Amino acid sequence: MSGKVSKYLFGGVVSLGLFAFALSGVSVGAIYTGNSGCKCHMGKGCFEGEEYKERLHSNTWEKRLKGTPDSENPDCLKCHATAYGEKIEGAGLKYLPNVQCEACHGAGSEYKKLKENFEGKGKDAFKALLKKDPFEARKVQYDAGLIVAGINGPATVKEQCMKCHWETKDDKNRCPKTDKLMDYKEFFKKDDHRDEDELDVALKKMSAEDKKKWAAILPKDEILNTPLKPKKKD
Ligand code: HEC
Ligand code: HEC
Ligand code: HEC
């Protein structure tokens, strides 16, 4: 990641101990907050949070590593945990157990600040922007380091999954404890936790002018270009 990030850095203006932003939208210096930092999404009745608890990602460290000789083995933590070897909020943490939100969505500190105090205008400022201009709101999220396949992280969602999954038996990046292969289509369906939100609604009635304005970005945003699954799971 750091190689990629530095490539985008403009003029190397990393001020000491402060956060600097890369122009590409990858947030340099963002740190991992853990799922507790994603609490807006984790509340009762909230789609992502409720569904997440049912997914195997949410307890894979407890289930597979905890209490075993491999509980802190880096070779296992890179897939069964989050942010191993990265900067994590809170003293002395070496990793966050399980595949947490930030394993796919990126380190959340800058993104969290944006939600809490966009442009220093308080906690409702981001919501106001989302209402007024959902696409601009989407863009400032990318800029704060929210990783979205196609835009600022992996080229495709599949590539994002392949960090920890494999499709062939001879893949070197695979788990030594299982022979199961990923069937990407099936796995994506199982793991898809999108629902219809402000952006999807706005997208449907996007003006020609807006289409033009966002032409450089929107077609690359894979999340917006993959049909949503039907409303309720069975
Ligand atoms: C490249 C990522 C990756 C690495 C490295 C990795 N795992 Fe896994 N592991 C997985 C995935 C993904 C699964 C689940 C596969 C599935 O169910 O389709 C899994 C499954 C397991 C299982 C369940 C196996 C079963 O019976 O179904 C155990 C136990 C496990 N891993 C332990 C470990 C240990 C211990 C290490 C380190 C020595 C390790 N893993 C390293 C990704 C990884
Ligand atoms: C295994 C990877 C992974 C994990 C873990 C994960 N997500 Fe996602 N998330 C995705 C992908 C992939 C998408 C859709 C495509 C994209 O954004 O690139 C997505 C989409 C979303 C969206 C957009 C939803 C919409 O309706 O448009 C939200 C919000 C979200 N995730 C929140 C979370 C939260 C909160 C967590 C932790 C509880 C989480 N995600 C964990 C991969 C992940
Ligand atoms: C940080 C590593 C990591 C990433 C990234 C990741 N996964 Fe996983 N995934 C795992 C591990 C570890 C397991 C095994 C959970 C268990 O059984 O303990 C798993 C299990 C799963 C399962 C359950 C498989 C089963 O046998 O039922 C699905 C579905 C899945 N992942 C989908 C995805 C998708 C889709 C993506 C990409 C958007 C993704 N994962 C990205 C680590 C990851």
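**Note on the predicted model and its ligand shells**

1. The shell around ligand 3 consists of 10 nonpolar, five polar and six charged residues. Here Ala, Val, Leu, Ile, Met, Phe, Trp, Tyr, Cys and Pro count as nonpolar, Asp, Glu, Lys and Arg as charged, and the others, Gly among them, as polar. A residue belongs to such a shell if its C-beta atom, placed from the backbone, lies within 6 Å of the molecule.

2. This is a predicted model, in which local features need pLDDT of at least 70, side-chain atom pairs count only at pLDDT 80 or more, and totals for chains, interfaces and linings use all residues. Residues are numbered from 1 along each chain as its sequence is written, while chains are lettered from A and ligands numbered from 1 in the order in which they are written.

3. Which residues come nearest to ligand 3? Of the 21 residues around it, they are Leu 56, Thr 60, Cys 161, Cys 164 and Lys 190. Two or more residues each are given by α4 (60-64), α5 (74-80), α6 (101-105), α10 (157-161) and α11 (184-191). Helix α11 gives the most, with four residues. Helices (H or I, at least four residues) and strands (E, at least two) are DSSP runs, numbered from the N terminus. Ligand 3 lies between domain 1 (27-107) and domain 2 (130-225), because both give residues to its shell. The domain bounds come from an automatic or database domain assignment.

4. Ligand 1 is surrounded by 18 residues, and the closest are Cys 76, Cys 79, Cys 175, Lys 177 and Lys 180. Helix α5 supplies the largest share of this shell, five residues. By class, the shell around ligand 1 has six nonpolar, five polar and seven charged residues. Domain 1 and domain 2 both contribute to the shell, so ligand 1 lies between them.

5. On confidence, the mean pLDDT of the protein chain is 82, and 80% of its residues reach 70 or more; pLDDT is the predictor's confidence in each residue, from 0 to 100. Over residues 1-26 the pLDDT is below 50, yet this stretch has 30 contacts in the model beyond near neighbours in sequence. Two residues are in contact if their C-beta atoms, placed from the backbone, lie within 7 Å. Where pLDDT is low, the predicted coordinates should not be read in detail.

6. The protein chain has 13 helices and four strands. Of its 234 residues, 25% are buried, that is, with 20 or more other C-beta atoms within 10 Å of their own; exposed residues have 12 or fewer, partly exposed ones fall in between, and C-beta atoms are placed from the backbone. Among contacts with a separation of 6 or more, 54% join residues 24 or more positions apart.

7. Some backbone angles deserve a look. Ala 83, not a glycine, has a positive phi of about 65°. Ala 83 sits in the loop between β3 (81-82) and β4 (96-97) and is buried, with 21 other C-beta atoms within 10 Å. Asn 98, in the loop between β4 and α6, has a positive phi near 75°. Asn 98 counts as buried because it has 23 C-beta neighbours inside 10 Å.

8. Helix α7 (residues 109-117) has Ser 109, Glu 110, Tyr 111, Lys 112 and Leu 114 as its buried residues. Just after α7, Glu 119 takes a positive phi of about 50°.
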